[in-house]
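User: I would like to learn how to read a model of this kind, feature by feature. Please take one topic at a time.

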Amino acid sequence: METIVFALLNGVIYGLLLFMLSSGLTLIFSMMGVLNFAHASFYMLGAYFAYTIMGATSFWIALFLAPVLVGLVGAVVERYGLRRVHANGHVAELLFTFGLAYLIEEIVKIIWGKTSVDYRIPDLLNFPAFTVYGASFPAYRMFMLFVAISMLVGLWLLLKKTRAGLIIQAALSHPNMVGHLGHNVPLIFMTVFGIGCALAGLAGVIAGNIFVTDPAMAIQMGPIVFVVVVVGGIGSLEGAFLASLLIGLLQNFAVGINASFADIFGFLGLTEAMEVGQINISSLGPMLPFLLLVLILIFRPRGLMGEKEL
Amino acid sequence: MSDATTTYDLAPSTGAKFRQRTLPILIFAAILLAIPMVGPSRTMYTLMHQMGINIVFALSYNMILGKGGLLSFGHAVYFGLGGYLCMHALNWIEDGVGLWGSFPVFFLPIVGFVGGAAAAAIIGWPSCRRAGTTFAMISLGIAELVYAGSYMFDSLFGGEQGVSGDRMNGPEMFGLSLGPISDVYWFIAFWTVVGIALMYGFTRTPLGKLSEAQRDNSQRVQFIGYNPQTVRYFVFVFAGGFAGVAGGMAAVNYEIFTPINLSLAPSGFVLIMAYVGGITYFVGPIFGAILLTYMQSMMSDFTEAWLLYLGVLFIAIVMFAPRGIAGIVFGIWHGVTGPNPSAYLAKLMMQLGGILLMLLGLIVLVEVSVRWSNGYGHVYEPFGIHLGHTDVLTWIIVLVASVAGVALTRYANRPEEASQ
């Protein structure tokens, strides 16, 4: 019971974190048709910016300032990099972001060093929120939950209830028509790219101090975010939300299960002595998202909520 | 009426065919034959072996990226699985399992081909259903899956230590014991030439032509009665096979394979090699493999920020020279032999000057930053000039060189109308 409650809480928080990353990615993809390989690098930049700003001022200023800075970096990348490459087709765009991910990692290594930085949880939130079954649950995780949900509600309101959101949605599906109506479509693209990067940066700010803030964090997170976007169905925010929660829960539950294949499939004659029998469910955790990706692409290529097949 | 049936002889003459197709490979083989005569050092041999392996690997990657239009982020999976099979074969040869005892190590890349092609035949079936971004995503997922899975089966992949073997077993071929490094050279040279020749031959087959056709217009391929999905699948299997050949060459050369060989890092590196070299040309990946292997082993001695330079090079190629080094080389050739070579050369020199100035600014900036970042108090001193991060001279060089470089390239690339 204890395991289930904790896996549930951590799974939801991790899932919401994934959604913060994947919502920006899926918006960018459905708008420009480019999968931003460097998206997780902006997540990393968010964590590093927050670390530096927190050193100079406080965590709360970093919480607002770091995502804005990351968003600005994203906008600059779109304006002076991606827009130029756009003429050479989607593969060139994808490769550009691939190279950018390399570059950002190396620059981060030069500015902040090759090892992890000491980016800490603010003292104000460093206490146990409540105790379940004798184990305490940190308040900072509840704060993450709060930030993620506010972001979710904010994004939903922006896209569905405001005029700006209406124009963005229109530009997603009919960019030419929106342009004919007199809107500056390249500016909208740049803004959306910036907002998407800022969301990734926000995820970095609140996750960097609970995980590790080091130059490898982008590579660790990047592929999982892709999985979320594809499993959810490309271009679908609802799908990305479902897929994020699904993967978050799946990974956290798998880590909590301490059973090997031999225990589960013992009736098939699998024993501890065989190599397959020794595989532990908890060690399968990191593989599960990719397994899910391959299965989804084989059996349901349009993803959970996607409208068109990839 | 007979006009309609007039045929034009568009086929190249036998002489042209020989000059353009056979001669370059013969010259390449002759160069490889001549190299040992100058008595290369051990380091040179190691570097050349690495180049040979990477040439075959990058060319196999270009079969799907350049010719097939499929962007893969997991090509090292086939390189690695082919190589792993070869490592096990090497051990079987040593132990004399079954008929393996009489299998010469020299022909191990054939085993690699079988291994890579078999892996591609299984993995390619679900992933080749779609081209474009979907294919790229699936390849990424599969690469991660195979890499993570490889740590679970220690008897197959050997865990963190990997699988190692000894190449000096089994029957000798051509009097090569494969013990000394100069023996291994002939092995690598042989398979590099064979790999290049076979992969070039592949582009001349109907399947090779169809793979280019489905890249350009998959609907028209359907109209003439072929299934683009099947075409992609077969090309993918062949590309996996040749990646396995490179894996087999690496298995004999290094005598060890670890799961890192399957990971995303070598997959990314082969992508960069092929793209920087130029994916629209057959020879492009060869240029890319030679240059990047050289950079990888030589530049990492000079500077620790070589990955940063690699990233800058890659982005510069993607943004400004999408046809890669091969494109630049052939572009210069066409410019020089073109109608107005002096004007072209003047423009080229200006571009080159601008690029060199920008490069100077970048190098100074990066080297000074790296030393500042390490914090050991080292100072960047090229040609005895003291360039610390607090020196004014450093920042003057960085700013002036970059601004002048950008201005010069922009001036060289100004639209033709403005210059007249």
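User: Among the elements of chain A, which helix has the lowest mean pLDDT and which the highest?

Analyst: pLDDT is the predictor's confidence in each residue, from 0 to 100. Helices (H or I, at least four residues) and strands (E, at least two) are DSSP runs, numbered from the N terminus. In chain A, helix α12 (residues 275-278) has the lowest mean pLDDT, 63, and helix α2 (residues 39-56) has the highest, 89. The mean for chain A is 81, with 89% of its residues at 70 or more. This is a predicted model, in which local features need pLDDT of at least 70 and side-chain atom pairs count only at pLDDT 80 or more, while totals for chains, interfaces and linings use all residues. Residues are numbered from 1 along each chain as its sequence is written, and chains are lettered from A and ligands numbered from 1 in the order in which they are written.

User: Where is confidence lowest in chain B, and where is it highest?

Analyst: Where pLDDT is low, the predicted coordinates should not be read in detail. In chain B the lowest mean, 49, belongs to helix α17 (residues 416-419), and the highest, 90, to helix α10 (residues 228-254). Chain B as a whole averages 82, and 94% of its residues score at least 70. For the complex, the predictor gives an ipTM of 0.82 and a pTM of 0.85.

User: How many helices and strands does chain A have, and what percentage of its residues count as buried?

Analyst: A residue is buried if 20 or more other C-beta atoms lie within 10 Å of its own, exposed if 12 or fewer, and partly exposed in between, with C-beta atoms placed from the backbone. Chain A has 14 helices and two strands, and 44% of its 310 residues count as buried. One helix of chain A, α8 (residues 185-207), is mostly covered, with 18 of its 23 residues buried. From first C-alpha to last, α8(A) reaches 33 Å, close to the 33 Å expected at 1.5 Å a residue; the expected span is 1.5 Å times one less than the number of residues.

User: How many residues of each chain are in contact across the interface?

Analyst: Two residues are in contact if their C-beta atoms, placed from the backbone, lie within 7 Å. By that criterion, 33 residues of chain A touch 33 residues of chain B. On the chain A side, the elements that give two or more residues are α3 (59-85), α4 (90-112), α9 (217-232) and α14 (288-299). The largest share, 13 residues, comes from α4(A). For classes, Ala, Val, Leu, Ile, Met, Phe, Trp, Tyr, Cys and Pro count as nonpolar, Asp, Glu, Lys and Arg as charged, and the others, Gly among them, as polar. The side of chain A that touches chain B has 26 nonpolar, four polar and three charged residues.

User: Which elements do the buried residues of α13(B) pack against?

Analyst: An α-helix has 3.6 residues a turn, so residues three or four places apart point the same way. The buried residues of α13(B) are B:Leu308, B:Leu310, B:Gly311, B:Phe314, B:Ile315, B:Ile317 and B:Val318. These residues pack against α3 and α4 of chain A, and against α11 (264-277), α12 (284-302), α14 (324-337) and α15 (341-374) of chain B. The 15 residues of α13(B), 306-320, should span 21 Å, and the end C-alpha atoms are 21 Å apart, which agrees.

User: What domains does the assignment give for chain B?

Analyst: Domain bounds come from an automatic or database domain assignment. For chain B it gives domain 1 (13-320) and domain 2 (339-419). Their centres, taken over C-alpha atoms, are 36 Å apart. The contact between them takes five residues from domain 1 and four residues from domain 2.

User: Where is B:Glu255 found, and what is its phi near?

Analyst: Most residues other than glycine have a negative phi, and most peptide bonds are trans. B:Glu255 has a positive phi, near 60°, and lies in the loop between α10 and β2 (256-257) of chain B. B:Glu255 counts as partly exposed because it has 16 C-beta neighbours inside 10 Å.
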